[in-house]
Amino acid sequence: MTSSISTNRPPIILYLTWIILIGAAVLGFVTDEFSVTFVGVGTLLLTLVPIWLGEKVGVRLPTAFVTAIAAFLCATLLLGEVGDFYERYWWWDVVLHGGSAVAFGLVGSLLMLMLVKGERLKAAPITVAFFAFCFAVMIGALWEIWEFTLDQLFGLNTQKSGLVDTMWDLIVDAIGALIGASAGWAYLKGRHGPLVEGIRAFVDKNRRLFGDD
């Protein structure tokens with residue numbers, strides 16, 4: 001039975017992410033900051049979900065994908081919320097929104113490639129890119145709706161400055177989505193690049209999902 005991730009050793013950054021999360025959880029417990037412990041343990045478990053889910057559904061995830069997910073969760077939940085990086089660094093939210101949008105653009109490209117598997121007519125690169133862009137922007141819009149709902153129901157302030165914060169988030173989401181979607185276009189065009197290689201690595205490890213057994 002093949003593993004859902006590469007048999008190669010995980011990158012050092014993945015180990016470092018796990019060490020940071022475990023260290024934060026232990027430090028929170030020792031200093032009676034149990035909220036930090038909760039976030040540290042919870043985030044650590046969330047980083048393991050892609051590996052577990054991949055095993056369950058038979059999807060093999062490149063280690064770069066798992067590492068990126070783990071680093072993003074650590075940056076969002078531990079550093080962003082517990083470390084208060086969102087307030088201390090104005091660009092933190094921009095980087096995370098942009099990064100997540102790029103990721104969803106890549107996911108949209110992969111979903112489109114899966115949908116057309118086995119078809120005689122291959123999807124046009126621009127069609128894949130357009131679908132991926134729309135998918136990523138939709139996720140970003142749904143997230144803003146979620147934040148708005150939390151603010152209205154529970155009196156939170158997730159949207160910070162309201163309309164201005166929301167619009168900048170959507171603009172950043174659109175830019176990130178365009179970058180991720182362009183990687184799907186470049187992949188079908190036979191181009192190269194870090195994001196394109198990420199798509200190629202996923203496809204190579206999961207040929208059956210793309211109609212190429």
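1. Basis. The model is predicted, local features need pLDDT of at least 70, side-chain atom pairs count only at pLDDT 80 or more, and totals for chains, interfaces and linings use all residues. Numbering starts from 1 along each chain as its sequence is written, and side-chain values use heavy atoms, with hydrogens and water left out.

2. Main core. A nonpolar core here is a set of buried Ala, Val, Leu, Ile, Met, Phe, Trp, Tyr and Cys residues joined through side-chain atoms within 4.5 Å. Buried means under 20% relative accessible area, exposed over 50%, and partly exposed in between, with a 1.4 Å probe and protein chains only. The largest such core has 28 residues. Those with the most contacts inside this core are Leu-110, Leu-113, Tyr-187, Ile-199, Phe-202, Val-203 and Phe-210. At least two residues of the core come from each of H1 (12–30), H2 (34–57), H3 (63–82), H5 (91–115), H7 (163–188) and H8 (194–205). Helices (H or I, at least four residues) and strands (E, at least two) are DSSP runs, numbered from the N terminus.

3. Another core, of five residues, lies apart from the largest one. Among its residues are Ala-75, Phe-85, Tyr-86 and Leu-96.

4. Phe-202. Contact means heavy atoms within 4.5 Å. Leaving out residues up to four places away in sequence, Phe-202 touches Val-59, Arg-60, Leu-61, Pro-62, Phe-65, Leu-110, Met-114 and Phe-210.

5. H1 and H3. Two packed helices are described by the angle between their axes and the distance between the axes. Axes are lines fitted to C-alpha atoms, for helices over the stretch in contact, and angles run from 0 to 180 degrees between N-to-C directions. The axes of H1 and H3 cross at roughly 30° and come within 9 Å. H1 is therefore roughly parallel to H3. Angles under 35 degrees count as roughly parallel, over 145 as roughly antiparallel, 65 to 115 as roughly perpendicular and the rest as oblique. H1 passes H3 in a left-handed crossing; a crossing is left-handed if the near helix is turned anticlockwise from the far one by less than a right angle, and right-handed if clockwise. On the H1 side the contact is made by Ile-13, Leu-14, Thr-17, Ile-20, Leu-21 and Ala-24, and on the H3 side by Val-66, Thr-67, Ala-70, Ala-71, Cys-74 and Leu-78. By class, these are 10 nonpolar, two polar and no charged residues. Ala, Val, Leu, Ile, Met, Phe, Trp, Tyr, Cys and Pro count as nonpolar, Asp, Glu, Lys and Arg as charged, and the others, Gly among them, as polar.

6. H3 and H5. The angle between H3 and H5 is about 150°, with their axes 11 Å apart, so the two helices are roughly antiparallel. H3 passes H5 in a left-handed crossing. Phe-65, Phe-72, Ala-75, Thr-76, Leu-79 and Gly-80 of H3 meet Trp-92, Leu-96, Ser-100 and Leu-110 of H5. The contact has seven nonpolar, three polar and no charged residues.

7. H5 and H6. H5 packs on H6 (residues 125–154) at an angle of about 135°, with axes 7 Å apart. The pair is therefore oblique, and H5 passes H6 in a right-handed crossing. Residues of H5 in this contact include His-97, Ala-101 and Phe-104, while those of H6 include Phe-131, Trp-143 and Glu-144. The contact divides into 14 nonpolar, five polar and one charged.

8. Asp-173 and Val-172. Both residues lie in H7. Asp-173 counts as buried because its relative accessibility is 3%. Not counting residues up to four places away in sequence, Asp-173 touches His-97, Ala-101 and Gly-140. Val-172 is also buried, with a relative accessible area of 15%. Leaving aside neighbours within four places in sequence, Val-172 is in contact with Val-94, His-97, Gly-98 and Ala-101. Val-172 and Gly-140 are 32 residues apart in sequence and 9.4 Å apart in space, C-alpha to C-alpha.

9. Positive phi. Most residues other than glycine have a negative phi. Asp-32 has a positive phi of about 65°; this residue is in the loop between H1 and H2 and is exposed, with a relative accessible area of 53%. Asp-84 has a positive phi near 60°. Asp-84 lies in the loop between H3 and H4 (85–88) and counts as partly exposed at 36% relative accessibility.
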